[in-house]
Amino acid sequence: MTAESTETAALRERVRVLMPRAKEELTELVAMRSVADPRQFPPEECAKAADFLVRAFTEAGLRDVRRVTTPDGTDAVVGHAPGPEGAPTVLLYCHYDVQPPLDDAAWRTPPFELTERWYGRGAADCKGNIAMHLTALRALGGPEGRGFPVNLKFVAEGSEEQGTAGLEELVPLQPDLFAADALRALTDHLTPAAPWGARVEVEPESAGRPFRARTDGPAYRALATAFREACGKDMVRAGQGGSIPLCNVLAPHFPDAEIALIGVEEPGCLIHAPKESVDPSEIERMALTEALFLSCYATPL
């Protein structure tokens, strides 16, 4: 065995052993009705989820994990962990708020109860990714005193799904001229094109600015190695809409940063829809991928 394959095998086993704990914690998280809309669910539900993250990520080895109130009145959870001197820095992101369940009758199982295949609102988006982060950090052994191979920053938003500009307002946001122009062009196209005398009215709610991630740096090379080791297949890249709003803020202000959107949201998860679920093996694979990435990135290729 090579040194790398030995590390992969050891991490794979540690992630496997941690999966029952991941299920327990995801079950607890899914039961918290953390919809960041007080018109639909009590704010206390979001507060419970935020407090859960403070406890869990502190136990997983991060330092100074705490709630920070953002301009929209919701709480983000932030923390950090120092790595060896000269090590690169990685920001781990997620959000603990979820979409409302919509039609309860459309669910095959109760939306705020985790059931097999691991059905439940937020099981994938984004509480499944919280479980992924926790499992990866524990597999690396942070709380056991071994520390982490890179400097870590951690941010968990509390209102990402509502688009209420929690963290986005903390960084001075540039005028969304592109998004506004695109929205205007779409509206101008749809309004006169309505068939059969139908009338179209557009009520804009929000518009997100697009961004293009740089994919030619050491972080992406380390991520490609991690995916290959964990999944046995080469990583592929895909463009898509509906991105994480915070990326549009970070990209212009930190142009040298490499932003990668990964997680446990394969198409079968049906995020945002009734019957949202996650395949537990996806959490296991992605936790291993993240742990391997943090190790590989410590010594950029």
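Glu282 touches Gly263, Val264 and Glu266, leaving aside residues up to four places away in sequence; contact here means heavy atoms within 4.5 Å. Glu282 sits in helix 7, and at a relative accessible area of 13% it is buried (buried is under 20% relative accessible area, exposed over 50%, partly exposed in between, with a 1.4 Å probe and protein chains only). The model is a predicted one, so to speak of local features takes pLDDT of at least 70 and side-chain atom pairs count only at pLDDT 80 or more, while totals for chains, interfaces and linings use all residues. Residues are numbered from 1 along each chain as its sequence is written, and side-chain values use heavy atoms, with hydrogens and water left out.

Helix 7 (residues 280-297) also packs against helix 5 (residues 218-231), at an angle of about 135° and with the axes 8 Å apart. Helices (H or I, at least four residues) and strands (E, at least two) are DSSP runs, numbered from the N terminus. Axes are lines fitted to C-alpha atoms, for helices over the stretch in contact, and angles run from 0 to 180 degrees between N-to-C directions. That angle makes helix 5 oblique to helix 7; under 35 degrees would be roughly parallel, over 145 roughly antiparallel, 65 to 115 roughly perpendicular, and the rest is oblique. The crossing is right-handed, the label for a near helix turned clockwise from the far one by less than a right angle, with anticlockwise being left-handed. On the helix 5 side the meeting residues include Ala222, Ala226 and Phe227, and on the helix 7 side they include Leu288, Leu292 and Phe293.

Four strands make an open, mixed sheet in the order 1-2-4-3, where two strands pair if DSSP finds at least two bridges between them. Strand 1 (63-69) and strand 3 are the edges, each pairing on one side only, and the twist averages 15° from one strand to the next. Strand 3 runs parallel to strand 4 (residues 151-157), joined to it by seven bridges; within this pairing, Val90 has Leu152 as its bridge partner. Helix 3 packs on the sheet and touches strand 3 and strand 4, its direction making about 145° with that of strand 3. Strand 1 and strand 2 (residues 75-81) are antiparallel over five bridges, with Thr69 bridged to Asp75. These two strands form a hairpin with five residues between them, and Gly73 in the turn has a positive phi of about 90°.

Aromatic rings come next. Rings of Phe, Tyr and Trp (its six-membered ring) pair if their centres lie within 6.5 Å, with planes under 30 degrees apart stacked, over 60 edge-to-face and the rest tilted. By this rule there are three aromatic pairs. Phe41 and Phe112 make an edge-to-face one, 5.7 Å centre to centre with 70° between the planes. Phe41 lies in the loop between helix 1 (3-30) and helix 2 (43-59) and Phe112 in the loop between strand 3 (89-95) and helix 3 (127-140), so the pair ties together parts 71 residues apart in sequence. Both phenylalanines are buried.

Most residues other than glycine have a negative phi, and most peptide bonds are trans. The bond from Glu116 to Arg117 is cis, with omega near 0°, and another cis bond joins Asp125 and Cys126, with omega about 5°. Trp118, in the loop between strand 3 and helix 3, has a positive phi near 85° and is buried at 5% relative accessible area.
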